[in-house]
Every structure is written in structure tokens, then in C-alpha cells.
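Have the sequence and the coordinates open while you read.

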Amino acid sequence: MRLTGAALAARSTAVAGLAVLALTAGCTAGSPSGTEGRSSAPGRAAGPTAAPPEIGAVPRLVSAADRRLPIEDFLLGNAGQDRLDRARAVLVRRCMARFKIAYRAPAAPRQFRPRTLTQLRYGITDADAAARLGYTPAGAGRAKPHRAAAAPLPAREALVLNGTDDPGVKPGSARAAGGRVDGRPVPAGGCAGEALRALHADDRQAGGDAPLADRVNYETYELSRRDHRVTAAYGRWSACMRTHGYTYAGPEEAAADPAWRTATATARERAVAATDARCKARTDLVGIWYTVEVAYQKRLVGQHAGELAKIRADLRLRQRLAAEVLDGER
């Protein structure tokens, strides 16, 4: 799950899916990640509550993994975020070299993230994989990745990187005034801040998705999850589960069952997870939920069309800038 900002769980992950909930008890059920969402506690993006949108025909979907959501036009996605991260690392390294500091950013811990925004957004859907792995998505470990604490940088290097040695000032932020090192001026925000500005970002955005796009991504998930058409499908899913001897009000409850907090998936977990996926297919829960969420997203995208058009233009600019940086490394 790709989580960034104060909720890097969500850039987000997003935004990221119900199945991951079984891996980390601290994750919010069904948080979109992927986006893994990139801001903490997103606020309302749509203003007052409106009547549920019309949805039209509902496709039968076993999985939504290869379906797009309207908000994806305004989110970086895995490839876009990776490109920006690589370009930022290059820019930081070049800046540090001006101060005769050989710097390499510490490697980020390997984290599972869905292949697409919708791969696990509505929970697990691959019954065969669930029968083998339980609620652990293929390619993900069951334990939180342990990240060893990086050795602290020497004071001089830390000042150049972050633009401040004041513990009350956010490293790399606009408030990090820089100062001078060896007679040379340190950029505001240090090399970290300089790299963000070169990629048309700032310390509040942290190089990730725009807060509005994050909020729409998060809010439509929550609105659709509570929509009467989805809750009705939950009821049919729950009835299907009961016919197999499993009592859960909804997929989040099944995925988050404390009994699954084991080093490997138990036989019962695998059975429940496989039945969960099959009951989703039988009740078309994914098709209904995806269709309802698309309707909510279209509404919100329309309401914020002007702001989101600027966000999309900004994404394109940042990707072009990142590509230029990386081309210079070849």
C-alpha cells in the first residue's frame, strides 16, 4: 500500500483496499491508497450532502483491477510517483555535490502496493489466490515492513540537505532559511527544498498528489461505501457468506478479523477469504460498488472541474520536468 504524507497510507495511497487491512491493524478499512492518499484526514470536497447520483446499467465484475476511476486523471499513479521520486533523488544528489558532499538518499523500504488504484479497492476478488494466501494479497508480506533507523547525518550535511538545524522548523520547508556552509549559501529548504521547487512542488505537497485530488479519491470511496445500493449489496454478500457458515456484516469485517493476525494464513482464513471473493462475484458487489463510485466521482470532478484542470496541467508539467532531469542522467 502506498501511503504518503501524514497518512502515507492513503496516498495515497491511496488509496488501497480491504484485503490489506488484514495485514496491518492500524490501517483504515478500505482506505483508497494508492494513493496509497497523501494527506491526513481529508476534508469534505463536495460541500453539503446531495442526493445519491443516478448510475445507469451495472456491469457484472469479478474484479475492477483493470477499470479506471475518473479521479485517476488527476493522480500521479505508481509510475508517475516513481518518476518524480527518482528525479528528486537526482536533484538532491546534484545539489549536495555543490557542497562537496557525496550523498545518496537511503533506500525506501520495499512496500506492497496495488498494481492499479482499483485492484484491491473493493477488497479481494481472486478466489483462487485467496484460497492459497488468505487475505494477504499476492506479493505482500503479512507483517509490517521493518525499517531500520537511518544513521543520522553529520550536522553539516544535515543542514545542507534540510536547510535548518532548528528542531522547531520542518526540514526542507519554506521556513528552513538555509544559511551558509563553508561560505556558500544553502538554498531555502536545503537541497530537499530546492529539488521540490525544481519539480514544481512544495513541502506541503511533498511531491505527491494534490490535496483536492486526494480528498475526492478518499471521499468518493466513503460516499459509495455508504450508498444504499452498495449497502444492499453488502447485505446480499453477508447472506451468501452465512450460507457457508461465516457471519460478517461486510467485507471490511471479514478482512479485519483479529483471528487472521498470524504469521501465515490459517486454513480457516483461506476458506473465509476464498468464500468472500466468490460471494462478491455471486452478488456482483464489485460491479455495483465500482459503478456507484464512478457516479460520485463524476459528480465531484464536475463540481471541481476548474481546479482539477489546473491540477492535471500541473501533473503534466511535473512529469515533463522529471523526465528532463532523468534524461540528463543518461
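Let's start with a tryptophan: Trp-260 has a relative accessibility of 2%, so it counts as buried. Bear in mind that this is a predicted model. Tyr-135 is buried too, at 1% relative accessibility.

These residues belong to the ring story, and the structure has 4 aromatic pairs in total. In the pair made by Tyr-135 and Trp-260, the ring centres sit 6.3 Å apart and the planes meet at 20°, so this one is stacked. Tyr-135 comes from the loop between helix H2 (127-133) and helix H3 (155-162), while Trp-260 comes from the loop between H7 and H8, so the pair ties together parts that are 125 residues apart in sequence.

Tyr-234 and Trp-289 make another aromatic pair, this time edge-to-face, with 5.7 Å from centre to centre and 65° between the planes. Here Tyr-234 sits in helix H6 and Trp-289 in helix H9 (residues 285-303), so parts 55 residues apart in sequence are tied together. Tyr-234 and Trp-289 are both buried. They also belong to a cluster: ring pairs link Tyr-122, Tyr-221, Tyr-234 and Trp-289.

Tyr-221 brings us to helix H5, where it is one of the buried residues. H5 has 16 residues and spans 23 Å from its first C-alpha to its last, close to the 22 Å expected at 1.5 Å a residue.

Where does Arg-121 lie? You'll find Arg-121 in the loop between H1 and H2. With a relative accessible area of 1%, Arg-121 is buried. Its side chain also makes a polar contact with the side chain of Glu-293, at 2.6 Å.

Now for the cysteines. The count comes to 2 disulfides, and here they are side by side:

| Disulfide | S to S distance | Torsion about the S-S bond |
|---|---|---|
| Cys-95 and Cys-191 | 2.0 Å | about -70° |
| Cys-240 and Cys-279 | 2.1 Å | about -75° |

The S-S torsion of Cys-95 and Cys-191 is about -70°, so that disulfide is left-handed. Cys-95 lies in helix H1 (residues 77-98) and Cys-191 in helix H4 (residues 190-198), so the pair ties together parts that are 96 residues apart in sequence. Cys-95 and Cys-191 are both buried.

The Cys-240 and Cys-279 bond, at about -75°, is left-handed as well. It links distant parts of the chain, with Cys-240 in helix H6 (residues 228-242) and Cys-279 in helix H8 (residues 267-283), 39 residues apart. Cys-240 is buried at a relative accessible area of 8%, and Cys-279 is buried at 1%. Counting bonded cysteines along the chain, the pattern is 1-2, 3-4.

The side chain of Asp-257 does reach the backbone nitrogen of Ala-259, at 2.9 Å. Asp-257 is placed in the loop between helix H7 (251-255) and H8.

Asp-182 isn't a glycine, yet it has a positive phi of about 55°. Asp-182 lies in the loop between strand E3 (180-181) and strand E4 (184-185), and its relative accessibility of 64% makes it exposed. His-200 isn't a glycine either and has a positive phi of about 60°. You'll find His-200 in the loop between H4 and helix H5 (211-226), partly exposed with a relative accessible area of 41%.

Definitions and conventions: Residues numbered from 1 in each chain as written. Predicted model: local features only at pLDDT ≥ 70, side-chain atom pairs only at ≥ 80, totals over all residues. Heavy atoms only, no water. Disulfide = S-S within 2.5 Å. Helix = DSSP H or I, 4+ residues; strand = E, 2+ residues; numbered from the N terminus. Buried < 20%, exposed > 50% of the residue type's maximum accessible area, 1.4 Å probe, protein only. Polar contact = N/O pair within 3.5 Å; in protein donor to acceptor, adjacent residues only side chain to side chain. Expected span 1.5 Å × (residues − 1). Phe/Tyr/Trp six-rings, centres within 6.5 Å; stacked < 30°, edge-to-face > 60°.
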